[in-house]
Amino acid sequence: MESRTTYLFNELKNKGLYLHTGTLKTFSGNDEIFIRAVSTKMPRIDEFIIKATHARNTWREAFLSEFNASTDRTFRWIKTIENNPFQVLFSVENFKKISFAHIGITFDSIDKTFEIGQIVRFEEGCKGGMTQALLLLCEWTFNNFDVPYIFLKCVAENSKAMAMYQRCGFKETSWIPFFKYRKNDEIIWQPAKPEYGDVEERTVLVMKKYRTV
């Protein structure tokens, strides 16, 4: 599976491909959603980086690492994913090919399946677009890889995100306590409990979507 993963992921990134040539209507019926593999050479990459950086700062507390994002740091993050043969980041775009969100997928070498992540909306609009993007990525994954399930993680207090994942067929399977660490100017949440000091805790849900066919 590893060789097939690296081949398909590299094809997506090197050619800046969409998952397929079709489009999906949003719930509002007035837009179409496209999902394109992100690379540092793709068209409008500077615009994408600015939007992703702004969203990272706006929703900082929703992540398991909290820091002041910059466009340089976002560029390096995208470059790291671009160079990782087991990971792809996708730009979620409307019919004008304007990006309004991103979503990613990573091969999990332990469970031999895939984790969906980096699900971040930049701006409002395209009602139902994120749901359609997630459904499309799930469909593509099951069509290309013989895995019994795929999974994602969600901070328990993010009820809006959890509702969307449930609409897409994900079900809660386990709960993991994460604990707060400080490193320089960053906050990092990890499952290992600190040995001293005040302990802040938050719950992270693991949600799985199982193959139905």
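K112 and E2 form a salt bridge, with 2.6 Å between the closest N and O atoms. The model is a predicted one. Across the structure there are 8 salt bridges, and a search for disulfides finds 0.

**The bridge between K112 and E2**

- K112 sits in the loop between β5 (99-108) and β6 (113-121), while E2 belongs to helix α1 (residues 2-15), so this pair ties together parts that are 110 residues apart in sequence.
- K112 is partly exposed, at 38% relative accessibility.
- E2 is also partly exposed, and its relative accessibility is 30%.

**The bridge between R36 and E93**

- R36 and E93 meet through their side chains in a salt bridge, at 2.7 Å from N to O.
- R36 is in strand β2 (residues 32-37) and E93 is in strand β4 (residues 87-93); the pair links distant parts of the chain, 57 residues apart.
- R36 counts as buried because its relative accessibility is 10%, and buried means under 20%.
- E93 is buried too, with a relative accessibility of 1%.

**The bridge between K79 and E82**

- The side chains of K79 and E82 form a salt bridge, at 3.8 Å from N to O.
- Both residues lie in helix α3 (residues 71-83), where they are 3 residues apart, about one turn of the helix.
- K79 is partly exposed, with a relative accessible area of 33%.
- E82 counts as buried, at 18% relative accessibility.

**A network of salt bridges**

- E66, E157 and R202 are linked to one another in a network of salt bridges.
- E66 also has a place in the strand pairing, where it stands opposite I187 in β9.

- Strand β9 covers residues 186-190, and its side chains alternate between two faces.
- I187 and W189 point to one face and are buried.
- Strand β3 (residues 65-66) runs antiparallel to β9, and 2 bridges join them.
- Strand β8 (residues 171-183) also pairs with β9 in the antiparallel sense, over 5 bridges.
- β8 and β9 form a hairpin with 2 residues between the strands.
- In that hairpin, N184 takes a positive phi near 55 degrees.

- The search of the whole structure finds 0 disulfides.
- C154 is in no disulfide, and the nearest cysteine sulfur, that of C168, is 12 Å away.
- A disulfide needs two cysteine sulfur atoms within 2.5 Å.
- C154 is buried, at 4% relative accessibility.
- C168 is in no disulfide either; for this residue the nearest cysteine sulfur is that of C138, 6.4 Å away.
- C168 is buried as well, with a relative accessible area of 2%.

Technical notes. Residues numbered from 1 in each chain as written. Predicted model: local features only at pLDDT ≥ 70, side-chain atom pairs only at ≥ 80, totals over all residues. Heavy atoms only, no water. Buried < 20%, exposed > 50% of the residue type's maximum accessible area, 1.4 Å probe, protein only. Salt bridge = Lys/Arg side-chain N within 4 Å of Asp/Glu carboxyl O. Helix = DSSP H or I, 4+ residues; strand = E, 2+ residues; numbered from the N terminus. Pairing = 2+ DSSP bridges.
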